[in-house]
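Trainee: I have a model open and want to learn how to read it. Can we go feature by feature?

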Amino acid sequence: MAKAKRGLGKGLGAFFGEEVVQEVANDQINQVSEKKELYIAENKNTASSEEEKEETGEFFVKLSKIEPNQEQPRKDFGEEQLQELANSIRQYGVLQPLLVQKKGDLYEIIAGERRWRAAKLAGVKEVPVVIREYDKQQAMEIALIENVQREDLNPIEEAVAYQRLMQEFHLKQEEIAERVSKNRSTITNSMRLLNLAPEIQQMLVDGLISSGHARALLAVSDLQQQMELADRIIRDHLSVREIEKLVKALGKAPKEKKIVKEDEALELIFKNLEERMKTVVGTKVNINRKDRSKGKIEIEYYSEAELERIVELIETIG
């Protein structure tokens, strides 16, 4: 009995309000019985009576006539959580109707696929539904909003959903943020996770690494290095702080090495220029660089006669 109560209460208080949940729990069995009796007595599975029920709002539909929405953002439903909900449904029924739309002779789920799956596990033959008509974008937005509010999506599913809203329906991040009641920066950071190597995205989905680990790995542009660090997170049980330090150290080393190589190459170039000028003027020449594009040239002379020769040489160049 205790286990069933936990299944009943999980997330419903936040969605309906605690008072509503308690009220529904007290008389749900009677409500379900009355609705089923009404459905059997008045409708008798005829098309005309079904249309009449659609106009009034909530009614019961056989599970066999309901199909999932292929555009559903959520792909991973979790067997353990589904079984818990199924246990609750066996005792209390489906407390919240599925939101569906007509699709030929069937009904396509807009919101409530988790309840539909759990109802099948529970052996329920029919579930309460409410019919609405939405276009493709509206249906996807509603499915996304419901899952995000319930925190049902894993980080990658959420990021992919945001990406699809941008690419398929040309929504801006500000518009998405407004629809799901989140900050724009949250949307941006979520979508950045899709820049990770596919294998690391799967690690995040499987719960092998956390979102904090994943965000730290985003600072590494090389996908092979990302994978090596991700493997270390799992193998050595590294914390987010530890992986951040490793990423920071990894970012410094190549930069310093690059600067050294660059300086050596420039030094050779300017040494070569000094030798060429020395050949022309016949005395020692130094090029003193301030930066890549600025500096000064020093030409040494050891007598007045040599200075006059150098000046005459320069005048001939002019």
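Trainee: Is His 237 buried or exposed?

Mentor: This is a predicted model, so keep that in mind throughout. Exposed means over 50% relative accessible area. His 237 has 68% relative accessibility, so His 237 counts as exposed. His 237 lies in the loop between H13 and helix H14 (240–281).

Trainee: What is the phi of His 237?

Mentor: The phi of His 237 is positive, about 55 degrees, although His 237 is not a glycine. Ser 181 is another non-glycine residue with a positive phi, near 60 degrees. Ser 181 sits in the loop between helix H9 (173–180) and helix H10 (184–192). Ser 181 is exposed too, with a relative accessible area of 64%.

Trainee: Where is Ala 219?

Mentor: Look in the loop between helix H12 (211–217) and helix H13 (223–236). Ala 219 counts as exposed because its relative accessibility is 61%. Its C-alpha atom is 9.8 Å from that of Leu 250, 31 residues apart along the chain.

Trainee: Now the sheet. How do I read strand pairing?

Mentor: Start with the general idea. Strands of a sheet pair through backbone hydrogen bonds, in a parallel or an antiparallel sense. Here, five strands form an open sheet, ordered S1-S5-S3-S4-S2, with mixed pairing.

Trainee: Which strands stand at the edges?

Mentor: S1 and strand S2 (66–67) do. Each has a single partner strand, so one side of each has no neighbour in the sheet.

Trainee: How many bridges join S3 to S5?

Mentor: Three bridges join strand S3 (residues 98–103) to strand S5 (residues 126–131), and the two run parallel. Leu 99 has Val 130 as its bridge partner in S5. Val 100 stands opposite Ile 131 in S5.

Trainee: In what sense do S3 and S4 pair?

Mentor: Antiparallel, over five bridges. For Gln 101, the bridge partner in S4 is Glu 108. The hairpin of S3 and S4 has two residues between the strands, and Gly 104 in that hairpin takes a positive phi near 65 degrees.

Trainee: Next, aromatic pairs. What should I check?

Mentor: Check two things. A pair of aromatic rings is described by the distance of the centres and the angle of the planes. With centres required to lie within 6.5 Å, the count here is one aromatic pair. Its rings belong to Phe 59 and Tyr 107, with centres 6.3 Å apart and planes at 70 degrees, so the pair is edge-to-face. The pair links distant parts of the chain, 48 residues apart: Phe 59 is in strand S1 (residues 59–62) and Tyr 107 in strand S4 (residues 106–111).

Trainee: Are Phe 59 and Tyr 107 buried or exposed?

Mentor: Both Phe 59 and Tyr 107 are buried.

Trainee: Last topic: helix packing. How do I describe it?

Mentor: Two packed helices are described by the angle between their axes and the distance between the axes. Take helix H5 (residues 79–92) and helix H6 (residues 113–122): they pack at about 65 degrees, with axes 8 Å apart. H5 and H6 are therefore roughly perpendicular to each other. The crossing of H5 past H6 is right-handed.

Trainee: Which residues of H5 and H6 meet?

Mentor: On the H5 side, they include Leu 82, Leu 85, Ala 86 and Ile 89. On the H6 side, Arg 114, Ala 118 and Leu 121 are among them.

Trainee: Which strands of the sheet does H6 touch?

Mentor: H6 packs on the sheet and touches S2, S3, S4 and S5. The direction of H6 makes about 125 degrees with that of S4.

How values were computed
Residues numbered from 1 in each chain as written. Predicted model: local features only at pLDDT ≥ 70, side-chain atom pairs only at ≥ 80, totals over all residues. Heavy atoms only, no water. Helix = DSSP H or I, 4+ residues; strand = E, 2+ residues; numbered from the N terminus. Buried < 20%, exposed > 50% of the residue type's maximum accessible area, 1.4 Å probe, protein only. Phe/Tyr/Trp six-rings, centres within 6.5 Å; stacked < 30°, edge-to-face > 60°. Pairing = 2+ DSSP bridges. Axes fitted to C-alpha atoms, helices over the stretch in contact; angles between N-to-C directions. Parallel < 35°, antiparallel > 145°, perpendicular 65-115°, else oblique. Left-handed = near helix turned anticlockwise from the far one by under 90°. Contact = heavy atoms within 4.5 Å.
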